[in-house]
Amino acid sequence: MDSEEKQAGQSSPLPGSVDVAIIGGGVIGVGTAYALARAGMRVALFEKATLACEQSSRNWGWVRTLNRDLPEVPLAIRANQLWGDIQTRIDVGFRRTGMLYLQETEADAAAHEAWMARASTYGVDAIQLDRRATLYHLPESGRTWTGAMYSATDGVAEPRIAVQGIATLARQDGAIIREHCAVRGIERTAGRVSAVITEHGRVAAQAVLVAAGAWSRLFCGNLGANFPQLKVRGSVLRTQPFDAGLTTAINGKDFTCRKRADGGYTVSQFGASMADLVPDSFRLMRHFIRPWLANNTFVRLRFGKRFFEELATPRHFTADRVSPFECHRVLDPLPSRAGVQQAWQRLSDAFPIFRQARIAQSWAGYIDVTPDAMPVMDAVPGLPGLYLASGFSGHGFGIGPAVGEAMAQLMQGTQPAVDLRPFRFGRYAE
């Protein structure tokens, strides 16, 4: 779709009715729109700003099965297949580069062996490499890698073009996608969702999917559904085009690195994540206190102006007035300078050749996290016709197409090919 056609689509009247309305234009929302449109459903997606303007364009770009929580493994395997199918239709930068989880100690190797044993029932493509086979994939290193867990079929896609590419395919299959069109709320008839109310008007719908990333808790909370979700700021950098002799995506325990399609590298680390203390941090303390204590080396807490910004955001609002989603359309946090500098230092210490590279850019995004770091993919209890796919905790981009397929199946009333019971909404109340 060229720019003139796209602009015409944004200014055209809203559809009077659809089968499914989707709130959120990230990889999850767009992936679901794509799957529904391919199934012949009438679907409209509404994005308050532009497609992939937040975390879906700001992530690492990994498409991995390795080291996922076991319930996510079937999604990851299916997503790997779907990324390949999508790449044959349009360029989303998907490449099976292989992926390494590097090891330095016997404990590292034992942890990887244990994960592979548990994941083997799903047929995951993962093996242990010895030191010699591991070094074959790496530039000269200043660290003593003893081996690695390796998947030859894991890979990467390019976040900045992937969601746009999938959206193009969804439009070709009949989906309506409206940017700069915030959904303020929903309308119910006889207790069931019957329409979405957007800033530009009403659209009747038999089902509504909330795939709003870090905004999902606010939207659901306004409807009376308490979704325990917080935001974590992840910081990332990229280099200018550079050949380090490294094409395999790697997790070096305290840094990550993957080759980009533009010739540079995307670099980060888990320790570059930071959680701002906000009012919801205290409201949800009972859900998050144990995960915080267990992961305090990966996610650092900070108190600052974000507390007061969220304190001033209305938690309850009506659909006939300007909503918080229109007042602040894009979450665009500053990156953690210390976090990205530390990731870069660790990478260049591990692989001295990177000292010749130049950093081109750093950025940050808000990751939607849940207490158990797994998403909710379910109908929302007490709100018939409303569905939620959110809380992907930094794992959502790679499994996005499979999540879209599963949610499309769920909303059509068919049995999803992947077991969604581990992702039920009510598990936090159990």
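Tutor: A pocket here is an open set of grid points with protein on both sides within 12 Å along at least five of seven lines. A volume is the space filled by probe spheres set on the points. Keep in mind that this is a predicted model.

Student: Okay, how much space lies in the second largest pocket?

Tutor: The second largest pocket holds about 540 Å³ of space.

Student: And which residues lie nearest its centre?

Tutor: L218, K231, D280, E310 and T313 lie nearest the centre of the second largest pocket, out of 28 residues in its lining.

Student: Which elements supply at least two residues of that lining?

Tutor: Among the helices, α7 (216–222), α8 (279–283), α10 (305–311) and α11 (324–327) each do, and so does strand β12 (230–239).

Student: What's the lining of that pocket like by class?

Tutor: The second largest pocket has 13 nonpolar, 7 polar and 8 charged residues in its lining.

Student: What lines the largest cavity?

Tutor: The lining of the largest cavity is made of L230, K231, A275, D276, V278, S281, W292, R306, E310 and Y366. By class, that lining has 5 nonpolar, 1 polar and 4 charged residues. At least two of the lining residues come from each of β12, β16 (273–276) and α10.

Student: Where is A275 found, and why is it called buried?

Tutor: A275 is in strand β16. A275 is buried because its relative accessible area is 4%, and buried means under 20%. As for its surroundings, A275 and K231 are 44 residues apart along the chain, with their C-alpha atoms separated by 6.5 Å.

Student: Switching to helix packing. At what angle do α3 and α6 pack?

Tutor: Helix α3 (residues 73–89) and helix α6 (residues 159–172) pack at an angle of about 70°, and their axes are 11 Å apart. That angle makes α3 roughly perpendicular to α6.

Student: Which residues make the contact?

Tutor: On the α3 side they are W83, I86 and R89, and on the α6 side A162, I166, L169 and Q172. By class, the contact of α3 with α6 has 5 nonpolar, 1 polar and 1 charged residues.

Student: Backbone check next. Which residues other than glycine have a positive phi?

Tutor: Two to look at: N67 has a phi near 65°, and K253 has a phi near 75°. N67 sits in the loop between β3 (62–63) and α3, while K253 is in the loop between β13 (249–251) and β14 (256–259).

Student: What about R143, where is it found and what does it touch?

Tutor: R143 is in the loop between α5 (131–136) and β6 (147–151). Leaving aside residues up to four places away in sequence, R143 touches E104, G252, K253, D254, F255 and A350.

Student: Last one, the glycines. Where do G29 and G339 lie?

Tutor: G29 is in helix α2 (residues 27–38), and G339 is in helix α12 (residues 337–350). G29 counts as buried because its relative accessibility is 0%, and G339 counts as buried at 0% as well.

Student: What does G29 touch?

Tutor: Not counting residues up to four places away in sequence, G29 touches I22, G24, L45 and A211.

Notes:
Residues are numbered from 1 along each chain as its sequence is written. This is a predicted model: local features need pLDDT of at least 70, side-chain atom pairs count only at pLDDT 80 or more; totals for chains, interfaces and linings use all residues. Side-chain values use heavy atoms; hydrogens and water are left out. Helices (H or I, at least four residues) and strands (E, at least two) are DSSP runs, numbered from the N terminus. Buried means under 20% relative accessible area, exposed over 50%, partly exposed in between (1.4 Å probe, protein chains only). Contact means heavy atoms within 4.5 Å. On a 1 Å grid over the protein atoms alone, a cavity is a set of points where a 1.4 Å probe fits but cannot get out, and a pocket is an open set with protein on both sides within 12 Å along at least five of seven lines; lining residues have an atom within 4 Å of a point. Ala, Val, Leu, Ile, Met, Phe, Trp, Tyr, Cys and Pro count as nonpolar, Asp, Glu, Lys and Arg as charged, and the others, Gly among them, as polar. Axes are lines fitted to C-alpha atoms, for helices over the stretch in contact, and angles run from 0 to 180 degrees between N-to-C directions. Angles under 35 degrees count as roughly parallel, over 145 as roughly antiparallel, 65 to 115 as roughly perpendicular and the rest as oblique.
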